[in-house]
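The exercises below are meant to be worked through with the sequence and the structure side by side. Try each task before reading its solution.

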Amino acid sequence: MSNLTIAIVGRPNVGKSTIFNRVVGDRISIVQDEPGVTRDRIYAQGEWLGKQLNVIDTGGIEFNDQDFMTQIRLQAEIAMEEADVIIMMTNVRDGVTKTDSQIASMLRKTDKPVVLAVNKVDNPEQRAEIYDFYSLGLGDPFPISGSHGLGIGDILEEVFKLAPDDISNEEDDDTISFALIGRPNVGKSSMVNAILGENRVIVSNVAGTTRDAIDTSFEEDGQVFKIIDTAGIRKRGKVYEATEKYSVMRAMRAIERAQVCLVVLNAEEGIRDQDKTIAGYAHEAGRGIIIVVNKWDTLEKDNHTMKKFTDDIRREFQFIEYAPILFVSAETKQRLTQLPEIIAHVHGNFNRRIQSSLLNEVLVEAIRVNPAPSDKGRKLRIYYLTQVKTAPPTFVAFVNDEELMHFSYERFLSNQIRKSFDFLGTPIQIITRNRK
Ligand code: GDP
Ligand code: GDP
């Protein structure tokens, strides 16, 4: 399932991030206590009247080494490339500036719908001033006030009205979709080529939807796999494609549509903060995760190399300790044939459902070896465990008083669950609820 994607474009200070935050609300917030996960205001999911949408704030994608106008041009290009509908933002206080006219002239060349927003219309008197904005040649200007939250509904209504109708796309239930995510140059494109190369039957997609054109499906042992955003991974040449912010945004978009994410690392360069950020997004999104260390051929190896690299990964990526690690080379094709099987395995675990009777045997045993905690003389009682959801597996522990549950005990329970059942590669979640 793909959601509508909108991009907000405009010069600095018009209020893009204010609107972005209004639309995405607190969805942008990333769990803070997990190392390596930073907050970024470049891309997030929002919701309007029950409809999901993705928002890109192109102002968050900075190109610090470029001059002002080039930055703006690159941001507009990204919007035209990535979005289904573009919101061009200006503001009534500054009026129509030269930069606004330049941005508008770039946007007039795209065949994607553009909605013109005039921000900072905080009071009715200012409404009269928005007529100047017709000169931008982008149709009716929509007055809004980011700080007062006015007019945003009207803009979004227009956005949905102009949106192409083929954006949502029903997945075939049996298909395993996976994404390769990682920094520029780790070898994603080479891996895609190697995976799709030789001996592999490419399943032609049903024509018609935009998404099909950018994904590629192939079959292996009767199972259909789909690589998300193959075209995006292979693409080369545009200036912004090599930047980290852009690659993070791309990764976030792919993660959203994938069931399993291959977090690709570069053995030659070792682990970087950006690798952790990207892996953090996949974890946050609750996807199956496999860590793939590429360019394994570049290392001078002895008996300890793999063990040492594994230890480094486990130390740096503690928040995804459940992820299997595979050392490969897109160049020599070493171990690449193992990928489909591992992906299918992780996908199976991601969708695993455990009977309550089995879960409760695990619970009884867990409480026996490590009694539930007490607080101020009150003891936590866990009555039963049940799985309420798959993809990722989610469990509810029904208790006498949720206040008595401690995260360390939740962690202990999830470890016990992992010991008893195969959940390799998938996050699992435990929610504590009072029994009514
Ligand atoms: P960006 O650079 O385009 O992302 O702009 P920001 O969202 O950071 O906003 C720039 C400044 O304009 C901030 O100080 C905001 O508080 C302010 N601002 C944003 N929206 C409005 C608005 O509707 N009315 C007024 N008066 N100020 C606003
Ligand atoms: P992407 O930006 O993540 O898609 O990375 P590319 O696939 O474009 O690869 C970046 C560079 O690394 C290219 O020059 C590749 O030839 C090289 N490369 C990719 N995989 C391997 C590998 O397994 N071993 C070696 N030695 N080089 C590789």
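This is a predicted model: local features need pLDDT of at least 70, side-chain atom pairs count only at pLDDT 80 or more; totals for chains, interfaces and linings use all residues.

**Exercise 1. A helix and what follows**

*Solution.* Helix α9 runs over residues 273–284 and has twelve residues, and from its first C-alpha to its last it reaches 16 Å, close to the 16 Å expected at 1.5 Å a residue. The next step is to ask which part of the helix is covered: the buried residues of α9 are Asp275, Lys276, Ile278, Ala279, Gly280, Tyr281, Ala282 and His283. These buried residues pack against β7 (176–181), α8 (244–257), β11 (260–266), β12 (288–294) and α10 (305–316).

**Exercise 2. An arginine in a loop**

Decide whether Arg183 is buried or exposed, and list its contacts.

*Solution.* Begin with the position in the chain: Arg183 is found in the loop between β7 and α5. A residue is buried if 20 or more other C-beta atoms lie within 10 Å of its own. Because Arg183 has 21 C-beta neighbours inside 10 Å, it counts as buried. Leaving aside neighbours within four places in sequence, Arg183 is in contact with Glu244, Ser247, Arg272, Gln274 and Asp275, and Asp275 is also one of the buried residues of α9. A further pair, Arg183 and Lys245, lies 62 residues apart along the chain, with 9.4 Å between the C-alpha atoms.

**Exercise 3. The two ligand shells**

For each ligand, state which residues come nearest and which helix gives the most to the shell.

*Solution.* Take ligand 1 first. Around it there are 15 residues, of which Gly15, Lys16, Ser17, Thr18 and Gly146 come nearest. Helix α1 (residues 16–24) gives the most to this shell, with three residues, and by class the shell has two nonpolar, ten polar and three charged residues.

Now turn to ligand 2, which has 16 residues around it, the nearest being Gly187, Lys188, Ser189, Ser190 and Glu331. Here helix α5 (residues 188–196) gives the most, with three residues, while the classes are four nonpolar, eight polar and four charged.

**Exercise 4. Asp297 and its surroundings**

Find where Asp297 lies, and say which residues it touches.

*Solution.* Asp297 lies in the loop between β12 and α10, and both of those elements pack against the buried residues of α9. With 16 C-beta neighbours inside 10 Å, Asp297 counts as partly exposed. Not counting residues up to four places away in sequence, Asp297 touches Ser329, Glu331, Thr332 and Gln334; Glu331 is also among the residues that come nearest to ligand 2. Ala372, by contrast, is 75 residues from Asp297 in sequence and 48 Å away in space, C-alpha to C-alpha.

**Exercise 5. Domains and confidence**

State how the chain is divided, and say where pLDDT stays under 50.

*Solution.* The chain is divided into domain 1 (4–167), domain 2 (175–350) and domain 3 (356–434). The C-alpha centres of domain 1 and domain 2 lie 31 Å apart. As for confidence, the chain averages a pLDDT of 89, and 91% of the residues score at least 70. Over residues 28–39, however, pLDDT stays under 50, and for this stretch the model has 22 contacts beyond four places in sequence. For the complex, the predictor gives an ipTM of 0.82 and a pTM of 0.83.

Definitions and conventions. Residues are numbered from 1 along each chain as its sequence is written. Chains are lettered from A and ligands numbered from 1 in the order in which they are written. A residue is near a molecule or strand if its C-beta atom, placed from the backbone, lies within 6 Å of it. Helices (H or I, at least four residues) and strands (E, at least two) are DSSP runs, numbered from the N terminus. Ala, Val, Leu, Ile, Met, Phe, Trp, Tyr, Cys and Pro count as nonpolar, Asp, Glu, Lys and Arg as charged, and the others, Gly among them, as polar. The expected span of a helix is 1.5 Å times one less than its number of residues. A residue is buried if 20 or more other C-beta atoms lie within 10 Å of its own, exposed if 12 or fewer, and partly exposed in between; C-beta atoms are placed from the backbone. Two residues are in contact if their C-beta atoms, placed from the backbone, lie within 7 Å. pLDDT is the predictor's confidence in each residue, from 0 to 100. Domain bounds come from an automatic or database domain assignment.
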